[in-house]
Each structure stands twice: as C-alpha cells, then as structure tokens.
Amino acid sequence: MTIGDVVRAESVHEDLWYVDTGMYEVEEYGSVYLIDADRPALVDTGLGTNVERVHDLLDAAGVAPADLAAIALTHVHLDHAGGAGRLVEDCPNATVYVHESGARHLVDPSRLWAGTKQAVGDQIEYYTEPTPVPDDRIVELTDGDEIDLDDRSLVARHVPGHAPHQVVFDAPALDGVFTADAAGIYTPSTDEVHVTSPPPNFDFEQAVADVELLAALDRSWLLYAHFGPARTADRLNEYTTVLEEWVRAVEREREAHAEDDAVVAHFVEAVETPDVWSDHKARAEVSMNVRGVLTYLDRRDT
C-alpha cells in the first residue's frame, strides 16, 4: 500500500474497508477502518491532518457522510481521535463512541493538545489542533458495552495498559478485533510487530494483561490501527515477548546511565526500525517509547 490507498479487506470480510492515512507522512503507519454495516461505522479517525483521506474511504465504499452512523474511537490519543471533531461536522448523523474516561477530552481538547505537544516533541508538525466534539454527539463506553450497527455489533473491552481511556473493539461478525495499540504496531511489508510504550500512562504489567485479554477473545484477525489487518497466528505471544524484552532493556540501560537523555540517545541509535518509516519518524518513535518506559519505572519504583 501507499499513502492514500483504500483497500476492501475481503480476506477478512467483504464489508470491511481501510485507508492508509499517510500519518506522519509515512506509509504503513496509520489506518482508519470502515465497517459497511446497516449502520456504517468508522473505527478511529487518524490525526485529523488528512481527513480528506477518510472521506475517500467513505466514497470508495459508497457511504455518504450523512449515512455514517458511528465513529468508534479506540482511545483519545490524537493519532486515533484527532479527526473526530471535523468528521462530526461533516457527518451530521454520526455518534462518537469513546471510553468514559476519555470523553471530556473530546469535548474540551485543550489539555489533550497540550499533553500531545509535550509527549511527541517535534512530531507535532504532523498534527493539527483538534476540533471539539459536541457533548450531545458522544456516547460513553465502559467494558462490555456494545455499539449496535443493526446487522452486527462492536463490543468494547477496556485495555488501559497503553492509556487509561483505551478500548479494543471485538467484532464477532468479522472474526476480528480492532486492537488499538494493545497489540503493538505491525508493519505488513516486514511482517514484524513493534513496541508502543508512550508516556505518560504506559503500564507494563497492564499492557501484558491486555494482550492476554486479546488472546482470550480468540479471533482470527487482528485489525491493527498501526497498521492494517493481520492473521492472529502467534502475533500476540510475539508481542508479549517484545514488551518484556523492551522494558528489561530500558531498565538495564537506565542502571548504566545517570541521565535519562543518555538512555534515550542510546536507543535512538541502537534500535532498528522499519525502512518504510522515515528516519525522522523512526527516531521520534523510539525516543517516545523509551520515555514512556522511564516514566513507568519512576512510577513503579516510588
């Protein structure tokens, strides 16, 4: 796939579509999904920088903006929810579904925007400030709640290891689960799973428990927000190993250095990242993930 490509994921289900949003101006990083159900639904929205590509997704599937019924957000980090405010303006009948702890950040995204700028550093150049979502367009979710799409449903499962407002959406009719960031980051071209551990809320033990929850759902397909559908196979076991090795590595390196900046610098130079990502994106990704583990270690050890 290349940036802007829309794919009908018929290997999963004929009613599932997704688009490469070109997030961070790289391929194979940001996907937004469309379920062409009786009540059509988007899963996530991307940064908001490239909302026109989400409209291309709707167009390709023959779904008019006025017919979109649901925007199901896995969490409110802006790479997943940044376009929600603009899309509710464009799609007048769409309801936004989000975990109850994240809803207030959609209504007033000012703190979310400030926190994002702090967390992502110079990657903020790829973002756009989010548009508020009206409170009356939001339905709050908790663990086990269903989004009714008439001929099928999405079931929200709370998985807070990445962020306290994160859910995955179990989709029984697709034999798949929309994984948010709970199963890591997948690059189709290299068939690899990569860690995601951003500050300030990454929690290692909970992240491992989240992977166990995904495994218990026993779905054939993992529908990665980063990036695209993949057969489940042994990927969840693989991601648990990736998480464990990553946190141990950062912990060992911190013991060897007095300054956190030195720990970050070590991994930025040492970690191999997919060629499909730009060097700028890859270095920023590694830096952010190291700082997330360091924040977790500080919290754990106090």
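This note goes through a predicted model point by point, from its cores and sheet to single residues.

1. The largest nonpolar core has 42 residues. Within this core, L34, L42, I71 and L106 touch the most other members. Helix α1, residues 51-61, gives the most to the core, with five residues. Another core lies apart from the largest one and has 36 residues, among them V193, A207, V211 and L214.

2. Leaving out residues up to four places away in sequence, L42 touches V32, Y33, L34, V54, L57, L58, L68, A70, I71, A72 and L87.

3. An open sheet is built from six strands in the order β8-β9-β10-β11-β14-β15, and its pairing is mixed. The edge strands are β8 (146-148) and β15 (228-231), each of which pairs on one side only. From one strand to the next, the twist averages 25°. As background, the strands of a sheet pair through backbone hydrogen bonds, in either a parallel or an antiparallel way.

4. Strand β11 (residues 176-178) and strand β14 (residues 221-224) run parallel and are joined by three bridges. G176 has W221 of β14 as its bridge partner.

5. Helix α6, residues 204-217, lies across β9 (153-158), β10 and β11, and runs at about 150° to β9. The helix has 14 residues and reaches 20 Å from its first C-alpha to its last, close to the 20 Å expected at 1.5 Å a residue.

6. Which residues of α6 are buried? They are F204, A207, V208, D210, V211, L214 and L217. In an α-helix there are 3.6 residues a turn, so residues three or four places apart point the same way. The cover over the buried residues of α6 includes strands β9, β10 and β11, along with helices α7 (235-256) and α9 (279-300). A207, V211 and L214 are also among the members of the 36-residue core.

7. Both ends of α6 have a detail to look at. At the start, a side-chain oxygen of D203 comes to within 3.3 Å of the backbone nitrogen of E205. D218 sits in the loop between α6 and β14. Is D218 buried or exposed? D218 counts as exposed because its relative accessibility is 64%, and the cut-off for exposed is over 50%.

8. E25 is another non-glycine residue with a positive phi, again about 60°. E25 lies in the loop between β2 (16-20) and β3 (31-35). With a relative accessible area of 64%, E25 is exposed.

9. D170 belongs to strand β10, residues 167-171. Its relative accessibility is 7%, so D170 counts as buried. What does the side chain of D170 meet? A polar contact of 2.7 Å joins this side chain to that of R219. Beyond its neighbours within four places in sequence, D170 is in contact with S153, L154, V155, G176, V177, L217 and R219.

10. H226 is found in the loop between β14 and β15. H226 counts as buried because its relative accessibility is 2%. Its side chain reaches the backbone oxygen of Y29 at 2.6 Å, and a polar contact of 3.1 Å joins the side chains of H226 and D79. Not counting residues up to four places away in sequence, H226 touches M23, Y29, G30, S31, D79, H80, D181, G184, I185 and Y186.

11. One joins H226 and F227, with omega about 5°. F227, like H226, is in the loop between β14 and β15. Where is the other, from P199 to P200? P200 lies in the loop between β13 (192-194) and α6. For the bond from P199 to P200, omega is near 0°.

Notes. Residues numbered from 1 in each chain as written. Predicted model: local features only at pLDDT ≥ 70, side-chain atom pairs only at ≥ 80, totals over all residues. Heavy atoms only, no water. Core = buried A, V, L, I, M, F, W, Y, C linked by side-chain atoms within 4.5 Å. Buried < 20%, exposed > 50% of the residue type's maximum accessible area, 1.4 Å probe, protein only. Helix = DSSP H or I, 4+ residues; strand = E, 2+ residues; numbered from the N terminus. Contact = heavy atoms within 4.5 Å. Polar contact = N/O pair within 3.5 Å; in protein donor to acceptor, adjacent residues only side chain to side chain. Pairing = 2+ DSSP bridges. Axes fitted to C-alpha atoms, helices over the stretch in contact; angles between N-to-C directions. Expected span 1.5 Å × (residues − 1).
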